[in-house]
Amino acid sequence: MITELKSVRDVWKKMPTQRHARLFLENAIWGDDRFCPHCGSLSSRPLCGASVRAGLYQCAEKECRSQFTVTTRTPLHATKLDLRIWIAAMFLVLTSSKGISSVVMSRILGVNQKTAWKLGHAIREMMDDRQSIAGRLSGVVEVDEAFVGGKPKFRHGVKNKRGRGTGKPIALVAAARNGQARAILLPNTQGRTMKPIMEDWIDPGSVLVTDKNPSYRKIGTSFANHHTVQHNKRQYANRKTGAHINTVEAVNAVVQRALIGVYHRLAQKHLQRYLDEIIWRWNHRAPETRVRTRKSASGRSSSETTIVWKPIPVVDQMRGLLCEAVGRQIRRTPSWGLRWP
Ligand SMILES: [Zn+2]
């Protein structure tokens, strides 16, 4: 079983043939329980014979009897690419801390840019963590809105507005202090739009921290406690309660950097998927404690512990992606677009 991949080259080293790649995917998607992607039945048999392509199975359920492979009804459905290209593309998306553009990906994988673009979107389709099986956010949960969509064009003598009222797409971002986050694009920042989303995301026993936006006032009553900070008065931590929204601001900073630096030419209809990718990366980190010992001039030593959040191993992330892949099929349109059946 493959437990580690260190580089794109490693993919070909550890999977010398397409069959190895297929077995890797079968193990990640099905584990020990191969199931039919059409009806979910656990009973199926491999099809063999000279004219049958490798990795084809037939469902044994009387009403179904469908034939399937490991990629059926996943974003990899009916792919003509070498499966190792897919695995290498996943490696690139999961390990690039600020995301990877299709231009760069096409150069590394040796595929054309349109193919790389589609690979990227198919992989992002699996990164939607909004209905995470990990459950609701809990503990202290910070919520803020982010205005996404790049910097406005510089025009001489024109002072560009910031924040609300710029007409930029708005994302609602929630981040628990324990390392989990969620983000979704919003049509507006009205309380009645945000309330059901926040109630769905956040455990009612949590302590909510937001800025003073009045929309949050009523929503706050759905949770155990609600603290606020007044950002427009340059108050970044509430002196009385110690409340701050630094965690969610850190998530927003990552979003802004990725959208300006890497994905600067993106269409709004794909924005949610880029958000999903950034949040996925944020959610798949684990804390690492580091102790640093320092010696002062007088010879006295003191130690300082810091917590550094590191991405979890890439193969574990791939397994996490793939185990939710069935049912997330993407179809291509004749004009090189994407379509969701
Ligand atoms: Zn079936």
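A residue is called buried when its relative accessible area is under 20%, exposed when over 50%, and partly exposed in between, using a 1.4 Å probe and protein chains only. Cys36 counts as buried because its relative accessibility is 1%. The model is predicted: local features need pLDDT of at least 70 and side-chain atom pairs count only at pLDDT 80 or more, while totals for chains, interfaces and linings use all residues. Residues are numbered from 1 along each chain as its sequence is written, and side-chain values use heavy atoms, with hydrogens and water left out.

**Zinc site**

Donors are N, O and S atoms within 2.8 Å of the metal (3.2 Å for Na, K and Ca); water is not among the atoms, so sites may look incomplete. The SG atoms of Cys36, Cys39, Cys59 and Cys64 coordinate the zinc ion at 2.3 to 2.4 Å. Along the chain these donors follow the spacing C-x2-C-x19-C-x4-C. The site is tetrahedral, with angles of 102 to 112 degrees among its 4 donor atoms; four donors count as tetrahedral if all angles lie between 85 and 135 degrees. In contrast to the buried Cys36, Cys39 is partly exposed, at 40% relative accessibility.

**Salt bridges**

A salt bridge is a side-chain nitrogen of Lys or Arg within 4 Å of a carboxyl oxygen of Asp or Glu. By this rule there are 10 salt bridges, including those tabulated here.

| Pair | Closest N and O atoms |
|---|---|
| Glu26 and Arg22 | 3.3 Å |
| Glu277 and Arg124 | 2.7 Å |
| Arg281 and Glu277 | 2.2 Å |

Helices (H or I, at least four residues) and strands (E, at least two) are DSSP runs, numbered from the N terminus. Glu277 pairs with Arg124 in a salt bridge. Glu277 belongs to helix α9 (residues 271-283) and Arg124 to helix α5 (residues 113-125), so this pair ties together parts that are 153 residues apart in sequence. Arg281 and Glu277 both lie in helix α9, 4 residues apart, about one turn of the helix. Glu277 is buried, with a relative accessible area of 0%, and Arg124 is buried at 4%.

**Hairpin**

Two strands pair if DSSP finds at least two bridges between them. Strands β9 (residues 285-295) and β10 (residues 301-311) run antiparallel and are joined by 11 bridges. Pro287 has Trp309 as its bridge partner in β10. The two strands form a hairpin with 5 residues between them, and Gly299 in the turn has a positive phi of about 95 degrees.

Methods: Four donors count as tetrahedral if all angles lie between 85 and 135 degrees; four count as square planar and six as octahedral if opposite donors are over 155 degrees apart and all others between 65 and 115; anything else is irregular.
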